[in-house]
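Colleague: I would like to learn how to read a few features of a model. Please take them one at a time.

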Amino acid sequence: MKMILDERGKKYILKPGAEFQSDLGIIKADVLDDAQIGDEVKSHLDHTFKIVKPNINDFIDLMDRRCSILIKKDIGQVLAHTGLGAGSRVVDAGTGAGAIALNFGNVVGPEGKVFTYEIREDFAEVAKKNIDNFGITNIEVKNQNIKDGIDEDNIDLIFLDLPKPFEIFEDVLESLNVGGWLAVYAPYVDQAEIAYRVAKKLGFYDIEIIELLERGLEVRQQGVRPKTRMVGHSGYLLFARKL
């Protein structure tokens with residue numbers, strides 16, 4: 001897979017055997033197919049483009065969505081807090097366009113496995129297409145309601161992005177390995193609070209609710225200061241461990 005970057009920093013995923021067209025010009029398919037990662041190519045309007053190897057974030061930025069997705073600050077916290085790694089087995093519910101499932105699959109590697117449940121057929125089809133286009137083979141998209149039961153066991157992480165995730169915590173407890181993690185994304189604080197109380201009642205350990213706020217810095221000739229806009233509330237993250 002190749003990505004092309006224009007002079008403005010705008011990026012596009014290239015399709016093998018197809019020419020590239022944008023408002024900055026056309027590049028023929030044979031030129032793109034012969035180009036190597038790091039090469040620069042010219043359009044017929046003499047604009048310069050860079051050939052780049054896309055990573056998971058580039059692909060997610062450009063893939064078909066049709067619904068909102070988790071953003072990097074929350075995905076990163078889930079990966080770091082749960083210690084997910086090569087060979088891990090993950091269940092994900094509320095696939096959407098597949099953004100966090102792709103991150104899970106990218107981290108667990110070919111020896112790991114991700115099972116992602118999506119109740120809506122249209123979202124499941126979009127997610128399957130995105131996963132296939134990225135070329136990752138360790139993710140299984142399941143068009144079924146996880147509330148009807150979790151088919152898998154020996155799971156290291158179960159991630160739930162559902163309106164009432166606490167309704168299946170008993171099933172989660174059965175499917176997790178000892179030492180495995182439950183992680184919940186909850187847009188509203190009452191969802192997180194109920195999830196906390198249910199997890200505690202069922203005997204989960206290390207239960208914690210986290211909200212992440214992200215603020216960048218402006219670097220100017222006059223000095224450095226925080227940006228006036230920031231990524232504030234997106235959702236609450238609940239973590240709980242089976243011990």
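Colleague: How many aromatic pairs does the structure hold?

Modeller: A pair of aromatic rings is described by the distance of the centres and the angle of the planes. Rings of Phe, Tyr and Trp (its six-membered ring) pair if their centres lie within 6.5 Å; planes under 30 degrees apart count as stacked, over 60 as edge-to-face and the rest as tilted. There are 5 such pairs here. In one of them, Tyr 12 with Phe 20, the centres are 4.9 Å apart and the planes stand at 70°, so the pair is edge-to-face. This is a predicted model: local features need pLDDT of at least 70, side-chain atom pairs count only at pLDDT 80 or more, and totals for chains, interfaces and linings use all residues. Residues are numbered from 1 along each chain as its sequence is written, and side-chain values use heavy atoms, with hydrogens and water left out.

Colleague: Are Tyr 12 and Phe 20 buried or exposed?

Modeller: Buried means under 20% relative accessible area, exposed over 50%, and partly exposed in between (1.4 Å probe, protein chains only). Tyr 12 has 17% and is therefore buried; Phe 20, at 7%, is buried too. Together with Phe 49, Tyr 12 and Phe 20 form one aromatic cluster.

Colleague: Which parts does the pair of Phe 169 and Phe 204 tie together?

Modeller: Helices (H or I, at least four residues) and strands (E, at least two) are DSSP runs, numbered from the N terminus. The ring centres of Phe 169 and Phe 204 are 6.4 Å apart with planes at 65°, so this pair is also edge-to-face. Phe 169 lies in helix α6 (residues 169-175) and Phe 204 in the loop between α7 (189-202) and β12 (205-210), so the pair ties together parts 35 residues apart in sequence. Both Phe 169 and Phe 204 are buried.

Colleague: Where does the charged end of Arg 120 sit?

Modeller: A charge sits over a ring if NZ of Lys or CZ of Arg is within 6 Å of the ring centre and within 35 degrees of the ring normal. For Arg 120, the charged end is over the ring of Phe 123, 3.9 Å from its centre.

Colleague: Is Arg 229 buried or exposed?

Modeller: Arg 229 has a relative accessible area of 75%, so it is exposed. Arg 229 belongs to the loop between β14 (224-226) and β15 (236-241). From Arg 215 it is 14 residues away in sequence and 7.4 Å in space, C-alpha to C-alpha.
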